[in-house]
Amino acid sequence: MKRLLFITFAALAACGTQQKAQLATGAWQAHLLREDGGDIVFNFDLLDSAGKKTIHIINAGERMLVDDVRQEGDSVFIRMPFFDNEFRAALQADGSLQGLWIRHLANKDASITFKAKPGISERFASTQAPKFNISGRWPTYFSSPNGKDSSFAIGEFTQNGSVVHGTFLTTTGDYRYLQGVVDGDSLKLSTFDGSHAYQFNALITNDSTISNGVFYQGITNKETFSARKDSSAKLQDATTLATVKEAGAVLDFSFPDLNGKKVSIKDEQFKNKAVIVQLSGSWCPNCMDETAYLSDWYKQNKDRGVAIIMLCYERTTDFEKSRKAAAGFAKRFDVTYPVLLTGVTPADPQKAEKTLPQLTGIKGFPTTIYIDKSGKVKEVHTGFNGPGTGEHYEEYKKEFNALMDELLK
């Protein structure tokens, strides 16, 4: 199937100049069609201003701008702003798109069939009135098909009529903006941001039970899940997942910046300042949310005696590939503080030992290290609750600012 799509795409690209069809502006409904029958659905709006096409991918309260959209004849190329992935598709006679979503991974490309239709603003059809309202907090247990791997998250949902918005909270971050419906006793939720390509399908058994859940992740991964409503459910404290080995530890690192110049935390520019060390990566959606916040915060507070350093753990150890990925990420969020390349991948089991041996480990991305003016580590925070988490994001901002006020005294 994929080979046929590539051939069709290439043929259309060759004769595209003879075709005059244009992409329809307005609402679109898109599908990623997995080989196991899973169908990941999302929406986008397409704008055309004086021949310049842009897309906004819609997930609940988020509209993600995609400004690298090209049409050559009947061939359409859409490059996502983050996470090194793109769509290559052919415009069909009925105005729809068919092609591939391609992820450029560290050592290979992976792809999945993609199709999209214009003029459809709904995400999922709702054919029945909802039997239940799932608004609330849901401890959720996920399990791999073989039952050997499991994980825990807390779902938080708001339902208005049949429409549901929400997210899953985990100890290392959130699943960002989820959008979907309750159709009778069926739940459907999805999101797409270029890294997260998620769909959740489940049965709502009663007011407090979600069962028979299937979680489709990206191109091939799949898990089952179930949930019980519990307003008192909590996750482990994010400041206890990774810590320093000794109280009052002092970090000691030196890595190249995006120009190849070595930068050390012991450099003069960081002395007598409160320092935030952001462990991040251009592949990481929660890092994207944290960077958006920290970049703006730093511009407003840099004169108070604060510094931020981003340490990037990219998916490859190749400096130039990592530099390109991190530079694009930093440019998108107008990062004005140092961005350093560790040369260590997030999958490396010794990433902490190789980069920050003062830590007990790196449990997830982002991880944020807070250092006082004397150079001592005061707190290590794993994960990030982004804007898709609503009140948790607001709570994070209050706690962050209180901590920085304390460090800047």
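A pocket here is an open set of points on a 1 Å grid over the protein atoms alone, where a 1.4 Å probe fits, with protein on both sides within 12 Å along at least five of seven lines; lining residues have an atom within 4 Å of a point. This is a predicted model, where local features need pLDDT of at least 70, side-chain atom pairs count only at pLDDT 80 or more, and totals for chains, interfaces and linings use all residues. Residues are numbered from 1 along each chain as its sequence is written, and side-chain values use heavy atoms, leaving out hydrogens and water.

Start by selecting Arg79, Phe83, Asp84, Lys324 and Ala325: of the 24 residues lining the second largest pocket, these lie nearest its centre. (Helices are DSSP runs of H or I, at least four residues; strands are runs of E, at least two; both are numbered from the N terminus.)

Keep α3 on screen and show β21 (274–280), β22 (306–312) and β23: α3 lies across these strands and runs at about 160° to β23. Here, angles run from 0 to 180 degrees between N-to-C directions of axes fitted to C-alpha atoms, for helices over the stretch in contact, meaning heavy atoms within 4.5 Å.

Which strands make up the open sheet? Its order is β23-β22-β21-β24-β25, with mixed pairing; two strands pair if DSSP finds at least two bridges between them. β23 (339–341) and β25 (377–382) are at the edges with a single partner strand each, so one side of each has no neighbour in the sheet.

Finally, pick Thr368, which sits opposite His381 in β25.
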